[in-house]
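Trainee: I would like to go through the aromatic contacts here. Can we take them one at a time?

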Amino acid sequence: MEIIIQPTAEAATAIAARLMGKLIREKPAAVLGLATGSTPESLYGHLVGQKLDWSRITTFNLDEYVGISPQHPQSYHSFMWEKLFRHVNIAIKNVNIPDGLANNIPASCETYEKKIAAAGGIDIQLLGIGTNGHIGFNEQTSSLASRTRIKTLTPQTRKDNARFFGSEEAVPHHVITMGIGTILEARQCLLLAFGKKKARAIAEAVEGPISSMSPASALQQHPRVTLCIDEEAASELKLSEYYRWVYDNKPGWQKV
Ligand code: PGA
């Protein structure tokens, strides 16, 4: 894993945005795995500002709530259109987000997986991390080989997301999420985490054992993972000085 620690969330986001922007410029028909939540919001603002050509880009979002319509203000459909898609020249047909209203959820999940494969796989998967270490909505004890499927949110995640819905009761219990196995098949993963409340989850994901109790720890098995995190999210890492040295002394050709 490459651990990039920056003084602020803004500085870490700027690096992540450069990395994604570079990929889009170098591969105009890239397949992007996208994430929602407060963490990537500013990254999308940066990407919009880069004036990139999205006309041949395909996207797959990690997850969506079950039982709310795409028009619901807290649906991840709404989030993505609001924060990114309506500001760029992406083709609607190339946007993929799990369908939270599907009549047959297992069949729609299977179709989602097939679409990812048919698109040639995901070039870069953007990820946030839950305070409990989840990636996508793969909660603790998710199979590390899991595929796109329905999941039940933990009380912790519903509590964490209550701020978007106004109350905890209003947060749906069920979601559709890409699996950890799905995420691990992306050619590159880019995880962002900011703030003290993510520090434990980051330390367990990076320096703990690989365990379904820390779903993000599965990323240790992926050959190409970059973390862009702020000081607070890095505050429980034992080897943070080492990670800083590595980044500060990268050979020029490796720098973004
Ligand atoms: P957040 O959520 O970006 O809103 O903190 C991250 C996550 O739950 O994966």
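Trainee: Which residues do ring pairs link into a cluster?

Mentor: Bear in mind that this is a predicted model. A search of the whole structure gives 8 aromatic pairs. Ring pairs join four names into a cluster: Tyr65, Tyr76, Phe137 and Phe165.

Trainee: Take Tyr65 and Tyr76. Is the pair stacked, edge-to-face or tilted?

Mentor: The ring centres of Tyr65 and Tyr76 are 4.9 Å apart, and their planes meet at 45°. Stacked needs under 30 degrees and edge-to-face over 60. The angle of 45° therefore makes the pair tilted.

Trainee: How many residues apart in sequence are the parts that this pair ties together?

Mentor: Tyr65 sits in strand β4 (residues 63-65). Tyr76 sits in helix α3 (residues 76-83). Both Tyr65 and Tyr76 are buried. The pair thus ties together parts whose separation in sequence is 11 residues.

Trainee: What is the angle between the planes of Phe60 and Tyr112?

Mentor: Phe60 and Tyr112 form an aromatic pair at 5.6 Å centre to centre. The pair is edge-to-face, which calls for over 60 degrees. The angle between the planes is 85°.

Trainee: Which helix does Phe60's strand connect to through this pair?

Mentor: Phe60 belongs to strand β3 (residues 58-61), and Tyr112 lies 52 residues apart in sequence, within residues 105-118. Phe60 is buried at 1% relative accessible area, and Tyr112 is buried at 6%. The pair ties strand β3 to helix α4.

Trainee: Which residue lies over the face of Phe79?

Mentor: The distance to the ring centre of Phe79 is 5.9 Å. The cut-off for a charge over a ring is within 6 Å. The residue is Lys83.

Key. Residues are numbered from 1 along each chain as its sequence is written. This is a predicted model: local features need pLDDT of at least 70, side-chain atom pairs count only at pLDDT 80 or more; totals for chains, interfaces and linings use all residues. Side-chain values use heavy atoms; hydrogens and water are left out. Rings of Phe, Tyr and Trp (its six-membered ring) pair if their centres lie within 6.5 Å; planes under 30 degrees apart count as stacked, over 60 as edge-to-face and the rest as tilted. Helices (H or I, at least four residues) and strands (E, at least two) are DSSP runs, numbered from the N terminus. Buried means under 20% relative accessible area, exposed over 50%, partly exposed in between (1.4 Å probe, protein chains only). A charge sits over a ring if NZ of Lys or CZ of Arg is within 6 Å of the ring centre and within 35 degrees of the ring normal.
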